[in-house]
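Here's a quick briefing for anyone meeting this structure for the first time. Have a look at the sequence and the fold, then work through the points below.

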Amino acid sequence: MEAASIAAGLPQTRLTVASHKLSRFFLAPSNSSSKVGSVTSVSFLESLSAQTSLVLTASPIEKAAPIDAGSRGRKRNVVAQSFAAPSAGICPFDRTSSFQSQSQTAEEKIGLLLLNLGGPETLQDVQPFLFNLFADPDIIRLPRPFQFLQKPLAQLISVLRAPKSKVGYAAIGGGSPLRKITDEQAHAIKDALQAKDVSVNVYVGMRYWYPFTEEAIQQIKKDRITRLVVLPLYPQFSISTTGSSLRILENTFSKDAYLSRLPVSVIESWYKRQGYVKSMADLIEKELQTFSKPDEVMIFFSAHGVPVSYVEVAGDPYKDQMEDCIYLIMQELKARGVYNDHTLAYQSRVGPVQWLKPYTDEVLVELGKKGVKSLLAVPVSFVSEHIETLEEIDMEYRELALESGIESWGRVPALGCTSSFITDLADAVVEALPSAKAIAASSGSTGEIDNYDPFRYAIKLLFGSVLACVLLFSPKMFVAFRNQLL
């Protein structure tokens, strides 16, 4: 969730949702006894009902094509990287899947798309990265008449916010390591699948920085993949992370004849998987032993927060899934004889809106007042190191904890390429493959675009331009707006 919290709490943010229910595409019920967790393999378009269109459907003027190069930041030589085998192999699980014949199986070319947020790799990347973040309508929801102001507003916010964000990235080496770590995870999962005699092409698609999701999709099409598994690298589902990435897939796949026929399975959340739970328990158990008195250490789960409106208005399952996740990890630890006290708090809130509570910084102060002396921080919503772990937890929260009276501080590393974790993700991919189904194009999906009125849009654009000028050039408005951001 690299920097996602920056935008979600801005005073201009408005989350408008017709219903608290999310579509069954993203929130299909999962069998708690299933190994794969929550796997979805239904039509993108068929499942996006009117109830959820304001959360996950593009506006009439929004296009499926990638954001133009200017808004993406400077071009890179490396775009959609494919961790592909020289040739497609034969999928070995046709006996239990929907593969119809040996000849059909031999022609299968399997793809795995890993989704993540992305992060600026240099300090020069910070401002364009923030622009891409704020330009996402799943992060900042503008009222419908003002949606065309999304990019101008994103430009303003990113310029104002970039100096402060650069300080944070400079503190961790001048950029985010997320791209490098995700590439390493892609290679590791590919190797793990190869060890299971499953040959796949693995692609990385980042939401806000290189390689962009749209670029990965184009590479999948170019490689003529015949069966695809989509694996967001977020253990728990949230509208602002997995939901936003899947919206890009829905937009692109629905308008392409080849992609709309491509069988796809989406592993929308996987925090219940035993491999993930046990891997987290392994890391916690190991770090506890670094304390002089392991039994007295408080286990402090710190999860990335989301605005309360996401949960209460939009029906985001993130909070429930996070609490369930903590319960499962603690049950695993108790089964191993680890009975330490634990608590859950939410970090990275920004802006005047209410976020999920309790807040990490406030809980740290309270724990110090209560006499807690040893604390082990566990970044439970992250599987890769990035600015929220390396700077926010390791620097800001550690300093706050020590100032609050906590004497011994430790932190569990992100899972990264932990072998048990990677093996479990590979198992999830194998289990998801048989359920892949073609994405059926829907004739009603373009209704909003067909009803697009250029004249009405021109009037809105003129009105919005005047409003934007007032915001940008009025000193009082500018100062008030800047003070809310900085």
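Asp197 sits in the loop between helix H8 (178–195) and E4. This is a predicted model, and in it Asp197 has a positive phi of about 65° although it is not a glycine. With a relative accessible area of 56%, Asp197 is exposed.

**More from that loop**

- Val198 also belongs to the loop between H8 and E4.
- Is Val198 buried or exposed? Its relative accessible area is 2%, so Val198 counts as buried.
- Val198 and Ile110 are 88 residues apart along the chain, and 8.7 Å separates their C-alpha atoms.

- Most residues other than glycine have a negative phi, and most peptide bonds are trans.
- Arg224 goes against that with a positive phi near 55°.
- You'll find Arg224 in the loop between H9 and strand E5 (227–232), where it is partly exposed at a relative accessible area of 47%.
- Tyr210 and Pro211 are joined by a cis peptide bond, with omega at about -10°.
- Pro211 is in the loop between strand E4 (200–206) and helix H9 (213–222).
- Another cis peptide bond runs from Lys357 to Pro358, and here omega is near 5°.
- Pro358 is in the loop between strand E8 (342–347) and helix H15 (360–369).

**The overall picture**

- The chain has 486 residues, and 57% of them are buried.
- Its secondary structure comes to 20 helices and 11 strands.
- Take the contacts in the chain with a separation of 6 or more: 84% of them are between residues 24 or more positions apart.

- The average pLDDT for the chain is 78, and 67% of the residues score at least 70.
- Which stretches call for some care? Over residues 2–34, pLDDT stays under 50.
- The model still has 124 contacts beyond four places in sequence for residues 2–34.
- Residues 84–105 also have a pLDDT below 50, and this stretch has 39 contacts in the model beyond near neighbours in sequence.

**The nonpolar cores**

- How many residues does the largest nonpolar core have? The count is 60.
- Leu112, Tyr276, Ile284, Phe301, Ile329 and Val380 are the residues with the most contacts inside that core.

**A mostly covered helix**

- Helix H6 (residues 126–134) has 8 of its 9 residues buried.
- Those buried residues are Val126, Pro128, Phe129, Leu130, Phe131, Asn132, Leu133 and Phe134.

- His304 is in strand E7 (residues 298–304).
- At 1% relative accessibility, His304 is buried, and its side chain makes a polar contact with the side chain of Glu388 at 3.5 Å.
- Ser254 is part of helix H10 (residues 239–254).
- Ser254 counts as buried too, at 16% relative accessibility, because the cut-off for buried is under 20%.
- The side chain of Ser254 reaches the backbone oxygen of Asn251 at 3.1 Å.
- In an α-helix there are 3.6 residues a turn, so residues three or four places apart point the same way.

**Cysteines**

- How many disulfides does the model have? The count comes to 0.
- Cys325 has a relative accessible area of 0%, so it is buried.
- Cys417, at 37% relative accessibility, counts as partly exposed.

Notes. Residues numbered from 1 in each chain as written. Predicted model: local features only at pLDDT ≥ 70, side-chain atom pairs only at ≥ 80, totals over all residues. Heavy atoms only, no water. Core = buried A, V, L, I, M, F, W, Y, C linked by side-chain atoms within 4.5 Å. Buried < 20%, exposed > 50% of the residue type's maximum accessible area, 1.4 Å probe, protein only. pLDDT = per-residue confidence, 0-100. Contact = heavy atoms within 4.5 Å. Disulfide = S-S within 2.5 Å. Helix = DSSP H or I, 4+ residues; strand = E, 2+ residues; numbered from the N terminus. Polar contact = N/O pair within 3.5 Å; in protein donor to acceptor, adjacent residues only side chain to side chain.
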